[in-house]
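Dear colleague,

Please find below the sequence and structure that I am handing over to you.

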Amino acid sequence: MRVACVQVAIVDGDIEANRERVLRMTEQAIWDRPDLVVLPELTTSGYCTDDYTQVAESADGYLVTALGALAAASGASILVGLVISDADGRPQNGSYLIGPTGVMGTYAKTHLCVNEAAHVDESTAFSPGQSLGLFDLPGARIGVMICYDGHHGEFPVTLVNRGAELLVWLNNRMVVTPWEPAAIALFNRVPVVAVNRVGTSAPQPVVASPRIYSGGSSMVDHDGQQIAAAIADEETVVVGDIDIEAGRLRRASRVLNTQRSRRVDLYR
């Protein structure tokens, strides 16, 4: 599976400019003929407000419709992190998976961060997701994690146990260090694609210095070996070919297979 990571420069709160940047960078990514294009968490908003209902992106809105047109023209699937709404209209830190025939599904972040700054305190700003993000694409089942999700060891294990053959990790934080996706991949014997933003946030709080986001987008194979990585601090597209079948064979092996050696009788 060919995957394109879009390490986009997000300007917190500049919704229209971010939408156009997402479209421009997605168009650039599609030139490499990927099967899957992945964009970061909260791509159009960043962490920008106490009331995220006003920046939620609907499934029939301008951006998702435009991304759908790109998917239809290219045959690629596009996974993008956005503010979405739950059934009761409450905002969620979520994502749309968009295929050539339209929206294939949504996933909302299930593990919400607690932060001292109100507009980045996800526990009060967002409604938590209530289901796993597992989607079947041509050639592989993917499992979606959003930022803090990936800091909970049970989460990638559960996704892989439910059939995920590729973990896709959307982030919006100051840096994703190389060992993080590599550790998740190695301990679960599954390839991982981690995408992050770049750019400068608004001051948090107002009297503080802006936060600098330095990227760290990368993809690793099922043994944690790097396939491709982005240049730090740059808005860029990183493309790599992931051997899904090699991961399947590794997880079927009896040698150092963490899925087979789990002691769920003790974990309960």
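The notes that follow cover the salt bridges and then a surface patch.

This is a predicted model, in which local features need pLDDT of at least 70 and side-chain atom pairs count only at pLDDT 80 or more, while totals for chains, interfaces and linings use all residues. Residues are numbered from 1 along each chain as its sequence is written, and side-chain values use heavy atoms, with hydrogens and water left out.

Salt bridges

A salt bridge is taken here as a side-chain nitrogen of Lys or Arg within 4 Å of a carboxyl oxygen of Asp or Glu. By this rule there are 16 salt bridges.

One of them joins R19 to E16, with 2.6 Å between the closest N and O atoms. Both residues belong to helix α1 (residues 15-30) and are three residues apart, about one turn of the helix; helices (H or I, at least four residues) and strands (E, at least two) are DSSP runs, numbered from the N terminus. As for burial, the classes are buried (under 20% relative accessible area), exposed (over 50%) and partly exposed (in between), with a 1.4 Å probe and protein chains only. R19 counts as buried because its relative accessibility is 15%, whereas E16, at 48%, counts as partly exposed. E16 and R19 are also linked with E57 in a network of salt bridges.

A salt bridge also connects D223 and R189, whose closest N and O atoms are 2.9 Å apart. This pair links distant parts of the chain, 34 residues apart: D223 is in the loop between β12 (218-220) and β13 (226-229), and R189 is in the loop between α5 (179-188) and β9 (192-195). D223 is partly exposed at 28% relative accessibility, while R189 is buried at 10%.

In helix α6 (residues 244-252), R248 and E245 lie three residues apart, about one turn of the helix. They form a salt bridge with 3.0 Å between the closest N and O atoms. R248 has a relative accessible area of 30% and is therefore partly exposed; E245 is partly exposed as well, at 39%.

Surface patch

V264, L266 and Y267 form a nonpolar patch on the surface, with about 320 Å² of accessible area together. Patches are made of residues with over 30% relative accessible area and no salt bridge, joining like charges within 9 Å and nonpolar side chains (Val, Leu, Ile, Met, Phe, Trp, Tyr) within 5 Å; accessible areas come from the Shrake-Rupley method with a 1.4 Å probe, and for residues only the protein chains shown count as cover. V264 lies in helix α7 (residues 264-267) and, at 33% relative accessibility, counts as partly exposed.

With kind regards
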